[in-house]
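I opened my notebook to go through this structure one topic at a time. The entries follow in the order I looked things up.

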Amino acid sequence: MVDNVSVAVGVLENRWTLFVRVGEHPRVTDEADCWEPFARSPKCVRFVELSGGVMSALLDGDLSEAGRVAGVSLTEYFVTGRARWLWRYRLSQMAADPDHARWMVRQAVVGDEGLVVGHAGFHGPPDELGMVEIGYSIAPDFRRQGYARAALIELLRRAGAAAEVSTVRATISPDNVASLATISGFGFVEVGEQWDEEDGREVVFEVPARRVPSA
């Protein structure tokens with residue numbers, strides 16, 4: 001997987017991660033409110049753009065510069081080896097097609113003080129079948145506090161608000177108990193298995209995208 005957890009609606013670049021399909025957003029930087037019909041978590045997260053400039057600074061290991069450009073304080077979690085792989089991968093996507101930037105990763109922020117608990121976003125634009133992947137990753141210090149579920153709620157809300165989205169797929173390692181618990185209660189049904197080059201065997205879950213009002 002590209003991120004810790006992933007949901008997907010189709011295959012994008014032969015990779016799967018906890019992802020959902022979404023439509024176009026009116027702006028790249030968007031701090032959306034929680035959507036009540038998905039209120040299955042006491043937490044609420046908003047997504048803030050993690051721009052190419054921020055990702056470049058993170059690749060250089062410069063947290064100070066990354067935080068200055070991002071407008072929030074980023075932690076060491078954003079410069080781990082796994083995170084840097086993701087920033088490099090996303091930057092290459094954006095370089096290949098700048099229009100893909102609006103589908104890229106966001107910072108997951110909570111509270112009035114802008115506490116960054118992780119990152120979440122989309123793998124890229126919808127494919128020809130109207131499918132897209134979403135992924136999120138919560139920093140260790142903030143896990144088991146409801147933030148992963150809150151991030152999933154916001155991603156599902158965005159996917160459901162996009163008319164082009166029809167199905168949400170989640171692919172999770174069978175021994176990843178926390179991830180399996182995160183998607184429970186959202187109507188995901190097991191539809192098969194697949195093999196991921198990095199994470200090995202994964203169980204594939206699907207759920208129809210829920211139609212919701214546009215934000």
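**Fold order**

I started at the N terminus and read off the elements, which run β-β-α-α-α-β-β-β-α-β-α-β-β. In total I have five helices and eight strands. I note here that this is a predicted model.

**Whole chain**

Next I looked up burial. The chain has 215 residues, and 54% of them are buried. I then checked the surface. The chain exposes about 9700 Å², with carbon and sulfur atoms supplying 50% of that area.

**Nonpolar core**

Which residues touch the most other members of the largest nonpolar core? I found Leu 50, Leu 58, Leu 74, Phe 78, Trp 87 and Phe 188. This core holds 57 residues. Helix H4, residues 147-160, gives the largest share of it, with eight residues.

**Helix H4**

I stayed with H4. This helix has 14 residues, and 13 of them are buried. I wrote it down as mostly covered. From first C-alpha to last, H4 reaches 20 Å. That is close to the 20 Å expected at 1.5 Å a residue.

H4 also carries charged residues. Glu 154 and Arg 158 form a salt bridge through their side chains, at 2.6 Å from N to O. The two residues sit four apart in H4, about one turn of the helix.

**Other salt bridges**

How many salt bridges does a search of the whole structure find? The search gives four.

One of them pairs Arg 68 with Glu 65. Their closest N and O atoms are 2.7 Å apart. Both residues belong to helix H2, residues 63-70. They are three residues apart, so about one helical turn separates them. I checked the cover on each partner. Arg 68 is exposed, at 58% relative accessibility. Glu 65 is partly exposed, with a relative accessible area of 28%.

Another salt bridge joins Glu 193 and Arg 201. Here the closest N and O atoms are 2.6 Å apart. Glu 193 has a relative accessible area of 48% and is partly exposed. Arg 201 is partly exposed as well, at 39%.

**Backbone at Arg 144**

Last, I looked up a backbone angle. Arg 144 has a phi near 60°, a positive value in a residue other than glycine. Where does Arg 144 lie? I placed Arg 144 in the loop between strand E5, residues 133-138, and H4. Arg 144 counts as exposed, because its relative accessibility is 83% and the cut-off for exposed is over 50%.

Definitions and conventions. Residues numbered from 1 in each chain as written. Predicted model: local features only at pLDDT ≥ 70, side-chain atom pairs only at ≥ 80, totals over all residues. Heavy atoms only, no water. Core = buried A, V, L, I, M, F, W, Y, C linked by side-chain atoms within 4.5 Å. Buried < 20%, exposed > 50% of the residue type's maximum accessible area, 1.4 Å probe, protein only. Areas by Shrake-Rupley, 256 points an atom, 1.4 Å probe, with all protein chains shown as cover. Expected span 1.5 Å × (residues − 1).
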